[in-house]
Amino acid sequence: MQPVYVGDVATAVADAVDGKAKAGAAYELGGPEVLTMREIMEMICKITKRDRALVSLPFALAKLQALFLQFAPGPLKLTPDQVALLRSDNVVSEAAKAAGLTLEGLGIAPDSIEAIAPQYLWRFRPMGQFQRKGA
């Protein structure tokens, strides 16, 4: 995956509205680094100071699990469509880079996940907003 900061996407949209983007072109917007889902989850656990076991799940088992979890109440659902999306990489293509149809092509330097995520994830630490940020 290539996580992108929503502020960078908003800047790209504003630039497109201002006519700085190529008309009719599909832009591929991604952050500066390509990460696996495990790397993203490890980063979240580190920032929130949570010690969790991360277990890799084969896609066949995930799909079976999703068949049941899609009907579970609450926001933590897993659907078969989400499993299907996870099967393929979600990164900016080389063709988009070559054509300049990226954030960089619009003159936007994308912010890294390491720079942005701690700004909003710190409140999910065990003591939340009452824990000192440096602790």
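1. Ile-44 is found in helix H2. Helices here are DSSP runs of H or I with at least four residues, strands are runs of E with at least two, and both are numbered from the N terminus. Ile-44 counts as partly exposed because its relative accessibility is 30%; buried means under 20% relative accessible area, exposed means over 50%, and partly exposed lies in between, with a 1.4 Å probe and protein chains only.

2. The basis of the note is as follows. This is a predicted model, in which local features need pLDDT of at least 70 and side-chain atom pairs count only at pLDDT 80 or more, while totals for chains, interfaces and linings use all residues. Residues are numbered from 1 along each chain as its sequence is written, and side-chain values use heavy atoms, with hydrogens and water left out.

3. Ile-44 also belongs to a nonpolar patch on the surface, together with Met-1, Met-37, Met-41, Phe-59 and Leu-86. The accessible area of these residues together is about 440 Å², computed by the Shrake-Rupley method with a 1.4 Å probe, where only the protein chains shown count as cover for residues. Patches are made of residues with over 30% relative accessible area and no salt bridge; nonpolar side chains (Val, Leu, Ile, Met, Phe, Trp, Tyr) are joined within 5 Å, and like charges within 9 Å. H2 gives the patch its largest share, three residues.

4. H2 also has buried residues, namely Ile-40, Met-43, Cys-45 and Ile-47. These pack against H6, where contact means heavy atoms within 4.5 Å.

5. The largest nonpolar core has seven residues: Leu-35, Ile-40, Met-43, Ile-47, Ile-113, Ala-117 and Leu-121. Two or more of its residues come from each of helix H2 (37–47) and helix H6 (113–121). Such a core is a set of buried Ala, Val, Leu, Ile, Met, Phe, Trp, Tyr and Cys residues joined through side-chain atoms within 4.5 Å.

6. Gln-2 lies in the segment before helix H1 (6–17). When residues up to four places away in sequence are not counted, Gln-2 touches Gly-30, Gly-31, Glu-33, Val-34, Asn-90, Val-91 and Val-92. With Val-92 there is a polar pairing: a polar atom of the Gln-2 side chain lies 2.8 Å from the backbone nitrogen of Val-92.

7. Three salt bridges are counted, each being a side-chain nitrogen of Lys or Arg within 4 Å of a carboxyl oxygen of Asp or Glu. Side chains of opposite charge can pair when their charged atoms come close. Asp-15 forms one of these bridges with Lys-20, and the closest N and O atoms are 3.8 Å apart. Asp-15 is buried because its relative accessible area is 10%, whereas Lys-20, at 56% relative accessibility, counts as exposed.

8. In helix H2, Arg-38 and Glu-42 lie four residues apart, about one turn of the helix. The two form a salt bridge whose closest N and O atoms are 3.8 Å apart. Arg-38 is partly exposed at 34% relative accessibility, and Glu-42 is partly exposed with a relative accessible area of 40%.

9. In helix H5 (residues 94–99), Glu-94 and Lys-97 lie three residues apart, again about one turn of the helix. Their salt bridge has its closest N and O atoms 3.3 Å apart. An α-helix has 3.6 residues a turn, so residues three or four places apart point the same way. Glu-94 is exposed, with a relative accessible area of 57%, and Lys-97 is partly exposed, with 44%.

10. Two loop residues deserve a look. Lys-49, in the loop between H2 and helix H3 (59–69), has a positive phi of about 55° although it is not a glycine. Lys-49 is partly exposed, with a relative accessible area of 42%. Gly-24 is found in the loop between H1 and H2 and counts as exposed because its relative accessibility is 86%. The C-alpha atoms of Gly-24 and Ala-115 are separated by 32 Å, the two residues being 91 residues apart along the chain.

Methods:
A polar contact is a pair of N or O atoms within 3.5 Å; within protein, one must be able to donate a hydrogen and the other to accept it, and residues adjacent in sequence count only if both atoms are side-chain atoms.
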